Amino acid sequence: MRRMLRRISLGLLVVCAVLAGPLTSAVLKAPAWANQAVAQAVVDKDVRWQMPIRLRFDPNAGQLIGEALSRSGESLPLLITLPSLTETADPFSGYLDQSGGLVPASRQWLPDLKDAAAGWIVTIETPPGYLAVPYPGGTVQQAASGNLTTFEAQPLIARAPLIIGKFDLTEREANGVTLSTFFTKQNAPLADSYLDAAGEAIASLSDRIGPYPYEAFSVVESPLPVGIGYPGFTLVSGRILPMPFMRGRSLWHEIAHVWWGNGVFVDYERGNWAEGFAAFFADYALAEASDKGREHRYDWLLEYDALPGSADYPLRQFVTKSHGQSQAIGYGKAAMVLVMLREKIGLQAFDAGVKRFWRVNKFKTASWTEIEAAFQADTPMPLGPFFQRWLDEPGALAANAADTDFLTFRSLAQNERIQTLRSLSSAAAVTIEALPGAPASKDIGKLNAPGGLPVLIGSRAALQDRVAKMPPAGVAAIWATQDKQGRDVIAIHAPDARTLASLVARSRHYGRWSWLVVQESGRPQRGRWEIGE
């Protein structure tokens, strides 16, 4: 099966054609095909020189074996050996085994460019049953004897890892974009629903921002606990692929990153703006479309409200989400800056600024400085003081009872606060108190230290005597509330240690909710306390 065909110049077609021959060894002299391909590229003045690379995946040895070619036809042998997924201490540093592999750019499966090469042209052979995921615009050919993946890689997008797995490939064309899923057999039945959701998201975001920047988008399954975007594809944990939220807000967020972060690249030394942009154009856009924009803005203020004052810092200093606390600034506050900017300059000027920022900075590295310039160009109103206040000064505005729609980034009044599970993910440490009925193991994966967020673990009856609010009954539950002394606490009841660990893990995905209850059927039920309750 072929996928994601793109127009390739004559010289590159020659390179692709000769690369399709069999690879027999990792250590080779420059073969005849190499000399022919290099000669053709030199003769054709219109062809940008791209370094040919050929790799073969050996799942039994945990190796990639192959070679790269210089412009003169000199062969550079390549041999990449990595530990198995079960043996590696850090799977994101790379693994190769019978399940497949992840090879980060740091492992130099794309060697340093030589001879003024503009990029790479890559061909990867995989045994039957295995597929390598191409960069956008590549092709996959499947045959009984094995599979062949070919693609071009340019330096700006060559930071994406090489992914190999036992995948079923499903694809379709939508508005000129090739949509694909690389799922294991277990999750392959989900493919059509993901392609539907991806097509809808790309169409909507293209209207708001500008044309989708690549020729393809793929959703790729991973055995790792990950949800991360790269140019033209997103890598998602196989465990969360079946969850409904993944095909909704989470998928939209990753697709928004194709524009913001993987289309316009982030100048991290001057601050990471891309997470806030993705949160605004995906998470918040979906909330607005379902008339829940006010609720979503309130969530951002709640998240910031849970942030200890000592953990606050100016938005321009945000680089990456290292913990739940930094998300309140890099995601929520950054997205609220866009909400406030739209309110300040009006929808027409705001939309024009978005399109200008994309048009001017596509495939370039940009910072908040370029963002300010794009919006300033479409409004006579001076925006310098606005950006200086919200990017270079920490903190929020004072509580304002008149702001009932939560349209400013401000502190919440006491009667506006509710307890949410976000307090657990934001806590640097917890103090666990075991009540009657607590499981033998009370490890919740957080530093257990005096002075941390109180976490009460016990039977439902024991907890009812200690806390102010109780969620609906179920076989297990985790909720945020206060104890009867007025302290914010997390309460958990679970029949065993395994259920306890599962509740804590799941609560990270339910941070905006006050409680999560597991019913006898195993289905979760969620809810939140009312404001002022």
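Q: Which strands does helix 13 lie across, and at what angle does this helix run to strand 20?
A: In this predicted model, local features need pLDDT of at least 70 and side-chain atom pairs count only at pLDDT 80 or more, while totals for chains, interfaces and linings use all residues. Residues are numbered from 1 along each chain as its sequence is written, and side-chain values use heavy atoms, with hydrogens and water left out. Helices (H or I, at least four residues) and strands (E, at least two) are DSSP runs numbered from the N terminus; axes are lines fitted to C-alpha atoms, for helices over the stretch in contact, and angles run from 0 to 180 degrees between N-to-C directions. Here helix 13 (residues 497–507) lies across strand 19, strand 20 (476–482), strand 21 (488–493), strand 22 (515–518) and strand 23, running at about 55 degrees to strand 20.

Q: In what order do the six strands of the open sheet stand?
A: Strands of a sheet pair through backbone hydrogen bonds, either parallel or antiparallel. Two strands are taken as paired if DSSP finds at least two bridges between them. The order in this sheet is 18-19-21-20-22-23, with mixed pairing. Strand 18 (430–434) and strand 23 (524–527) are at the edges with a single partner strand each, so one side of each is left without a neighbour in the sheet. From one strand to the next, the twist averages 20 degrees.

Q: In which sense do strand 18 and strand 19 pair?
A: Strand 18 pairs with strand 19 (residues 453–457) in the parallel sense over five bridges, and Val 455 in strand 19 is the bridge partner of Ile 432.

Q: How many residues of strand 20 are buried?
A: Buried means under 20% relative accessible area, exposed over 50%, and partly exposed in between (1.4 Å probe, protein chains only). Six of the seven residues of strand 20 are buried, so this strand is largely enclosed by the rest of the structure. Strand 20 runs antiparallel to strand 21, joined by six bridges, and these two strands form a hairpin with five residues between them, where Gly 486 in the turn has a positive phi of about 90 degrees. Strand 20 also pairs with strand 22 in the antiparallel sense, over four bridges, with Trp 515 of strand 22 as the bridge partner of Trp 479.

Q: What span should helix 8 have?
A: The expected span of a helix is 1.5 Å times one less than its number of residues. For the 15 residues of helix 8 (residues 347–361) this should be 21 Å, and the end C-alpha atoms are 21 Å apart, which agrees.

Note on methods. Contact means heavy atoms within 4.5 Å.
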